Amino acid sequence: MMDEYGIVPGKERQINWYPGHMAKSKRLLQEQISRTDAVIELCDARIPLASRNPDLDAMLSGKPRLLVLNKADLADPEETRRWLAFFRKQGQKCLSYNGIRGNIRVILDKIDELTREKVEALAKRGVRKTVRIMIVGIPNVGKSTFINRISGSVMARTGDRPGVTRSNQWVKINPYLELLDTPGLLWPKIENQSDAKCLALIGTINDQVIDQQAMAIELLMRFKTVRPEAIETRFHIRNMDADNEELLTEACRGRGWIVARGEVDTDRGASVILDEFRAGKLGAVSLQRAPEEAEA
Ligand SMILES: Nc1nc2c(ncn2[C@@H]2O[C@H](COP(=O)(O)OP(=O)(O)O)[C@@H](O)[C@H]2O)c(=O)[nH]1
Ligand SMILES: [Mg+2]
């Protein structure tokens, strides 16, 4: 039995994350790809692999591509360096970026690099080419913000909830450069629940379809391992030996999220804990570690 979100009730809740409009988004993207010279793929620097759509390779039919580890301000810089080394070793062009404050020149130079061959070939025939770049990535990764940053205006709509951008729109940066904002694209079949959890933690999946308390507990337990002092101070946790539900209870008590008769308000607590993490208030933390061989 499933509920309306396709969630199967049980011990291990499966996250259904492929809303109906995704199939349409995929079609729109495929329609536009032939008019595109290169692709900039945004992933989330906190979970670089878990936030990359495995279907993209097949859909982008070999277009030149740049991978941007976006929201780098929210990730551990050391871990981000390791991720960049990992992707470069695989021959992928990549850089880390802050879509809100990042240096625009860096991106424009990369776009030149990606499209130089085509542009120069046409220039020889006396044609000044208009370069078209498609911006792709999962919902909420910062695609519209990125385009706004490059264009210096607020033409692409942004939002702090997934699913704000629903249809394709080309944004003119200058007479010879256009960027295409695309709706966030997920993939139908989730390979592992750990990736799904990462995506839920950073807020890719609408909070209505996830179990917020389970996610808050997941987050607290991860922090307990990698950055215990961050949750200890932020939530005034007194007993850091506590685990799981108890740890959530500790955090709620510490911050005074209490309902009647001294009972902790774990609903409210879970929601605030997730919000504060997503807003970077627990510090710059990566949730996914680069594979070890990248260090060598
Ligand atoms: N901290 C941080 N927040 C960002 C960055 N880029 C985008 N955001 C925020 O992420 C949210 C989603 O951005 P949006 O551009 O709408 O994502 P889209 O769904 O991929 O188009 C917004 O609240 C942005 O302000 C970034 O580099 N760093
Ligand atoms: Mg958008």
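Predicted model: local features only at pLDDT ≥ 70, side-chain atom pairs only at ≥ 80, totals over all residues.
**Ligand 1 and its surroundings**

- Ligand 1 is surrounded by 16 residues, counted as near if one of their heavy atoms lies within 4 Å of it, and the closest of these are Asp73, Gly99, Asn140, Lys143 and Thr145.
- By class, this shell holds 9 polar, 4 charged and 3 nonpolar residues, where Ala, Val, Leu, Ile, Met, Phe, Trp, Tyr, Cys and Pro count as nonpolar, Asp, Glu, Lys and Arg as charged, and the others, Gly among them, as polar.
- Helix 5 (residues 143-151) gives the most to the shell around ligand 1, with 3 residues; helices (H or I, at least four residues) and strands (E, at least two) are DSSP runs, numbered from the N terminus.
- Among the polar contacts, which are pairs of N or O atoms within 3.5 Å, a nitrogen atom of ligand 1 has a polar side-chain atom of Asp73 at 2.7 Å.
- Oxygen atoms of ligand 1 also take part, with one 2.7 Å from a polar backbone atom of Gly99 and one 2.6 Å from a side-chain N or O atom of Thr145.
- Of the 580 Å² of accessible area that ligand 1 has on its own, the protein covers 85%, with areas taken from the Shrake-Rupley method with a 1.4 Å probe.

**Strand 4 and its partners**

- Strand 4 (residues 131-137) has 6 of its 7 residues buried, so it is largely enclosed by the rest of the structure; buried means under 20% relative accessible area, exposed over 50%, and partly exposed in between (1.4 Å probe, protein chains only).
- Strand 1 (residues 38-44) runs parallel to strand 4 and is joined to it by 5 bridges, with Leu42 having Gly137 of strand 4 as its bridge partner; two strands pair if DSSP finds at least two bridges between them.
- Strand 6 (residues 177-181) pairs with strand 4 in the parallel sense, over 5 bridges, and Glu178 in strand 6 stands opposite Arg132.

**Aromatic pairs**

- The count of aromatic pairs comes to 6, where rings of Phe, Tyr and Trp (its six-membered ring) pair if their centres lie within 6.5 Å, and planes under 30 degrees apart count as stacked, over 60 as edge-to-face and the rest as tilted.
- Phe86 and Phe87 form an edge-to-face pair, at 5.3 Å centre to centre and 65 degrees between the planes, and both residues are buried.
- Phe223 and Phe277 have ring centres 5.9 Å apart and planes at 80 degrees, so this pair is edge-to-face.
- That pair links distant parts of the chain, with Phe223 in helix 7 (residues 212-226) and Phe277 in helix 10 (residues 266-278), 54 residues apart, and both Phe223 and Phe277 are buried.

**Positive phi values**

- His236, a residue other than glycine, has a positive phi near 50 degrees, and its place is in the loop between helix 8 (228-234) and helix 9 (244-255).
- His236 has 47% relative accessibility and therefore counts as partly exposed.
- Asn244, placed in helix 9, likewise has a positive phi, near 45 degrees, and at 35% relative accessibility Asn244 counts as partly exposed.

How values were computed
Residues numbered from 1 in each chain as written. Chains lettered and ligands numbered in written order. Heavy atoms only, no water. Polar contact = N/O pair within 3.5 Å; in protein donor to acceptor, adjacent residues only side chain to side chain.
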